[in-house]
Amino acid sequence: MTIPAAVFWFLAIWALLSRSTLYVYLPWLCLPFGALAVVDPSMSFGSTILPLTVAVAIFVVKTANHRDSRRIMWRSATDIKALGLFTIFSLYAVVSAYICPRIFANRIWVLPMRMAVQDKAVPLGPTTANFTQAAYTLLSLLFALALVGYLRSGDFYARRQTLIKAMLCGASVLIVTGVIDWLGAKASLDILRNGTYAIVGYTTLGDVGRITGAFPEASAFGATTATLACILYFSYASLSGGLLKRWIAPAVVTLLFFLAAGAASSTAYAGLLV
């Protein structure tokens with residue numbers, strides 16, 4: 001087990017067992033580490049279990065542990081005006097992940113994410129990735145439902161402040177990894193990239209290096225940075241006054257936009273334009 005993984009498991013156990021709000025902060029603190037395997041891939045059938053995956057599961061479990069939260073989550077999942085469409089989409093994704101690779105087996109050629117860019121495409125067929133992607137989709141749905149349950153099952157104003165502060169903390173970590181990359185110290189982030197993904201961390205656009213942070217490639221970093229920047233931008237009005245709102249939040253959002261542009265990712269650019 002690597003040192004970053006050991007640190008994560010310490011925080012994860014603390015968040016799960018303590019009564020602190022660490023479980024709210026942990027998913028956002030783990031967001032920047034998109035290529036860090038916290039479980040040896042040989043123990044997870046070659047799949048990369050990210051810290052974000054475990055942190056989100058802890059948040060869902062801690063939130064669903066309260067009766068009011070569970071009731072709110074169920075209502076949101078079954079209400080078409082709330083997250084009902086997301087529920088339908090998730091169920092469709094799970095079913096299609098099992099059926100489609102079998103229906104189109106050997107008819108479509110794909111390039112698996114675990115393979116290097118220069119490797120050849122392979123015929124489509126059932127793999128463990130079908131199950132992991134379906135699990136990620138379900139976990140995303142549960143995370144969205146848990147966020148609703150968390151916000152509505154207590155003091156909405158106080159919990160909203162906590163959630164925004166958690167996002168700001170995660171954004172700060174994302175900025176640190178991006179700045180380290182931008183300053184040319186990419187090699188120092190390699191310890192955070194031990195997943196089975198195809199790592200493309202040293203790419204350039206013309207003569208300019210693309211910022212990848214601790215992600216496997218620039219597009220993932222750019223999309224995450226742009227998304228978080230937009231969420232914080234639209235959450236700014238909900239922040240309470242003081243130093244956090246006047247200086248820290250604007251500085252964080254500005255740096256996120258700068259790093260998203262530095263990733264030279266079409267996904268990030270499209271997100272910023274939208």
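Modeller: Ring pairs join Y23, W28, F59, F143 and Y150 into a cluster. This is a predicted model, and the description below rests on values computed from it.

K62 lies over the face of Y23, 5.4 Å from the ring centre.

A pair of aromatic rings is described by the distance of the centres and the angle of the planes. In this model the count comes to 11 aromatic pairs, with ring centres within 6.5 Å as the criterion. The rings of F8 and W9 have their centres 5.3 Å apart and their planes at 65°; because planes over 60 degrees apart count as edge-to-face, the pair falls in that class. The two partners may also be described by their accessibility. F8 has a relative accessible area of 5% and is therefore buried, the limit being under 20%. W9 has a relative accessible area of 26%, so W9 is partly exposed.

T224 belongs to helix α8, which spans residues 218–235. Leaving aside residues up to four places away in sequence, T224 touches L31, L174 and F215. A polar atom of the T224 side chain lies 2.9 Å from the backbone oxygen of A220. With a relative accessible area of 17%, T224 is buried.

Starting at the N terminus, the elements follow the order α-α-α-α-α-β-β-α-α-β-β-α-α-α. The C-alpha atoms fill a box of roughly 55 × 45 × 40 Å along the principal axes. The radius of gyration of the protein chain is 19 Å, which agrees with the value near 19 Å for a compact globule of 274 residues.

Buried residues account for 43% of the 274 residues in the chain. Of the contacts between residues at least 6 apart in sequence, 66% join residues at least 24 apart. The protein chain exposes about 15,000 Å², and carbon and sulfur atoms supply 69% of that area.

Conventions
Residues numbered from 1 in each chain as written. Predicted model: local features only at pLDDT ≥ 70, side-chain atom pairs only at ≥ 80, totals over all residues. Heavy atoms only, no water. Helix = DSSP H or I, 4+ residues; strand = E, 2+ residues; numbered from the N terminus. Buried < 20%, exposed > 50% of the residue type's maximum accessible area, 1.4 Å probe, protein only. Polar contact = N/O pair within 3.5 Å; in protein donor to acceptor, adjacent residues only side chain to side chain. Contact = heavy atoms within 4.5 Å. Phe/Tyr/Trp six-rings, centres within 6.5 Å; stacked < 30°, edge-to-face > 60°. Lys NZ or Arg CZ within 6 Å of the ring centre and 35° of its normal. Rg over C-alpha atoms; globule rule 2.2 N^0.38 Å. Areas by Shrake-Rupley, 256 points an atom, 1.4 Å probe, with all protein chains shown as cover.
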